[in-house]
Number of protein chains: 2
Amino acid sequence: MKTHLTILAFLLLLAGSPCVAQTSQSAIKEDFKSSSLNQPGKKYPMVNSQGYARFRIEAPDAQSVVVSLGLGGTKGGTPLTKAKDGSWMGTTAGPMDEGFHYYHVTIDGGVFNDPGACNFYGSTRWESGIEIPAHDQDFYALKDVPHGNVQQILFPSKSTNSVRRAFVYTPPTYDKDVNQRYPVLYLQHGWGENETAWFNQGHANLIMDNLIAEGKIKPFIIVTTYGMTNEIRFGGLRNFDIKPFQTVLTEELIPYVDKHFRTKADQAHRAMAGLSMGGMETHMITLNKPEVFSYYALLSGGLYKPEEIKDKSKVKLIFISCGSKERPDAVKNAVTALKEAGFNAVSYVSEGTAHEFLTWRRSLHELAPLLFK
Amino acid sequence: MKTHLTILAFLLLLAGSPCVAQTSQSAIKEDFKSSSLNQPGKKYPMVNSQGYARFRIEAPDAQSVVVSLGLGGTKGGTPLTKAKDGSWMGTTAGPMDEGFHYYHVTIDGGVFNDPGACNFYGSTRWESGIEIPAHDQDFYALKDVPHGNVQQILFPSKSTNSVRRAFVYTPPTYDKDVNQRYPVLYLQHGWGENETAWFNQGHANLIMDNLIAEGKIKPFIIVTTYGMTNEIRFGGLRNFDIKPFQTVLTEELIPYVDKHFRTKADQAHRAMAGLSMGGMETHMITLNKPEVFSYYALLSGGLYKPEEIKDKSKVKLIFISCGSKERPDAVKNAVTALKEAGFNAVSYVSEGTAHEFLTWRRSLHELAPLLFK
């Protein structure tokens, strides 16, 4: 349990970083455009070229409307004020970090979603999402290239006495040559999220499609499933027990995937990665089950120490990443120590981002070319 | 265009039916349980064994909270009243019809979703959903049977200059015999919905899985895509032009599906069905393109007249259905006329339901065994 608690502490520190860039508020450019994550036909929320977000909520008889997004140091987010037309409007006090942010709206003391935005599962609920266009967004853009499919599978789980859901990304070539087999990356979400996060928030399928179209990676399969199988679901991480999820993953899901998809069904062709809490799970499961995975990746999700790994020959790659606003030095130091101990270890730091999805999109983009070589 | 307008008028009449059963309000049984469509861990909304729905919204400083669901004849839905704990609570004035209902909450004049419920795309927005357990819900229940997959595909569309999304249900046997080919049902959503509706609200995949497990149908593929490709998106149906969607469906999506999935790629093994506006689209496209589909189905979505169909020999089945609270006589009379004209025509009326998804779940359940025989 000691290892677990160390990782937990690290995760909590990472999560505390602010998600808003600290710059001057003086000159706000009036070039606002609708967020790319808005519901069809909805104008607000909007984002300008500097990364300011502007909100508009219709609630003519409300007393108070506050958006939870705001400058990191400012308690209370962005309060909206009543406009002439009876709607509530407001702009963040500063530019937001590039990338995806969860938010919600507090109306007269109750927490609701912004009717203008699409919802994304985070914080154990469907939350509003907004996207601040990143300067490097091209790598996860929807392009006119061959696209892989993302399919929902429903697999039986005796250990939880339920039918469970997972998503499987198959690369664009999957239907072409029925004799071709593919390696598999098992990719986990963070606390409060679920198996939809890596595709909805993370654009993992588009990242893969683009990398494959550019010839930068050899195609592989990605599988995501729900990792909050026990009491952590609506509580804290303190009493976390990896066993229930480890059983679902290694004894139920992996055999199901290997049976129903054309996988290369061995340790040499299996990777596990996770973000935040998913990194914690990856860390625990890869150490507990060295015979299952050979590539390990923690994205803002803790570190490996060389002495934790019993059989160095079983590990082909250790990838550790975080945002520059998290604790990049800890990541770099851990990788230096792993390298000195003879591991093939790689660190990656996402510039200008915190404990949020742009960090993880970029991390996957860096990780994918290193897998299954 | 005359045909189109006739169908439109019929659709509008269908949609006007109340969605709430008209019975006494006297003795409400206190056996409320959480709706099956609630967000994880959320207690409210709740439903009792009689079909009453009870709501609880936290908004301590609000002046007015009203749920849009209510007795069909009652304007203003179900107003909630402030409870002792500061939350707003209320129960529908009568039992609701069995099955799925969209709803939203008006808080101080603004329209929001219930934070307790999952959201479903309808009315051109993500709306809250609630499920009143149906006495026959077993046919779409998630069971421990072999499950097919539902996969998101992204296909290129030159006519709309975009990459478009569709969902493809492949039956449980799809990955087993790589030489097996399957017929395809193209299944359309209603106005304001999208390609997610038949799976999220309709449970089309579970209906298929269960029918296949019971040996009641031969497996086939189902494809859904977005059918509101032109100005009807946020306007009315009056200026509807079928061309843009017909082009996407017949010249882009079908060739893509036939290329990437193991389909029986001919008219004899292709069906089209749609609910409400999707029925209108089915009606138009099957008449315009008799060489593409041989099975036609309209679910609360208009009628065929015998004289509309030029070549009887090309049509293997015409299926027309609606809820008993819609216009069942019109459906039955149309099918009688089709039979008299020598068509293989079948009518189905869903007992006790209106223009809502239980009608369409049941319709699919009745239709599937009649297809591709």
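**Close-up views of a two-chain predicted model**

**View 1. Strands β1 and β2 of chain A meet side by side.** Here β1(A) and strand β2 (residues 46–47) of chain A run antiparallel, joined by two bridges. Strands are DSSP runs (E, at least two residues) and helices are DSSP runs too (H or I, at least four residues), numbered from the N terminus; two strands pair if DSSP finds at least two bridges between them. Look for Lys33(A): its bridge partner in β2(A) is Val47(A). A word on reading these views: this is a predicted model, in which local features need pLDDT of at least 70, side-chain atom pairs count only at pLDDT 80 or more, and totals for chains, interfaces and linings use all residues. Residues are numbered from 1 along each chain as its sequence is written, chains are lettered from A and ligands numbered from 1 in the order in which they are written, and side-chain values use heavy atoms, with hydrogens and water left out.

**View 2. An open sheet of five strands in chain A.** The order is β1-β2-β3-β7-β6, with antiparallel pairing. At the edges are β1 (33–34) and β6 (81–82) of chain A, each of which pairs on one side only.

**View 3. Leu69(A) and its surroundings.** You will find Leu69(A) in the loop between β4 (65–67) and β5 (78–79) of chain A. Leu69(A) counts as buried because its relative accessibility is 4%, where buried means under 20% relative accessible area, exposed over 50% and partly exposed in between (1.4 Å probe, protein chains only). Leaving aside residues up to four places away in sequence, Leu69(A) touches, among others, Phe55(A), Met96(A), Tyr103(A) and Ile130(A); contact means heavy atoms within 4.5 Å. Tyr103(A) is 34 residues apart from Leu69(A) along the chain, yet their C-alpha atoms are separated by 5.8 Å.

**View 4. Where chain A touches chain B.** The contact takes 47 residues from chain A and 47 residues from chain B. Together the chains bury about 3600 Å², 55% of it on carbon and sulfur atoms; buried area is the accessible area (1.4 Å probe) that two parts lose on being put together, summed over both. Across this interface, 11 residue pairs are in polar contact, both residues at pLDDT 80 or more (a pair of N or O atoms within 3.5 Å; within protein, one must be able to donate a hydrogen and the other to accept it, and residues adjacent in sequence count only if both atoms are side-chain atoms). On the chain A side, β13(A) gives the largest share, seven residues.

View 5. Gln152(A) stands opposite Val150(B) in β13(B).
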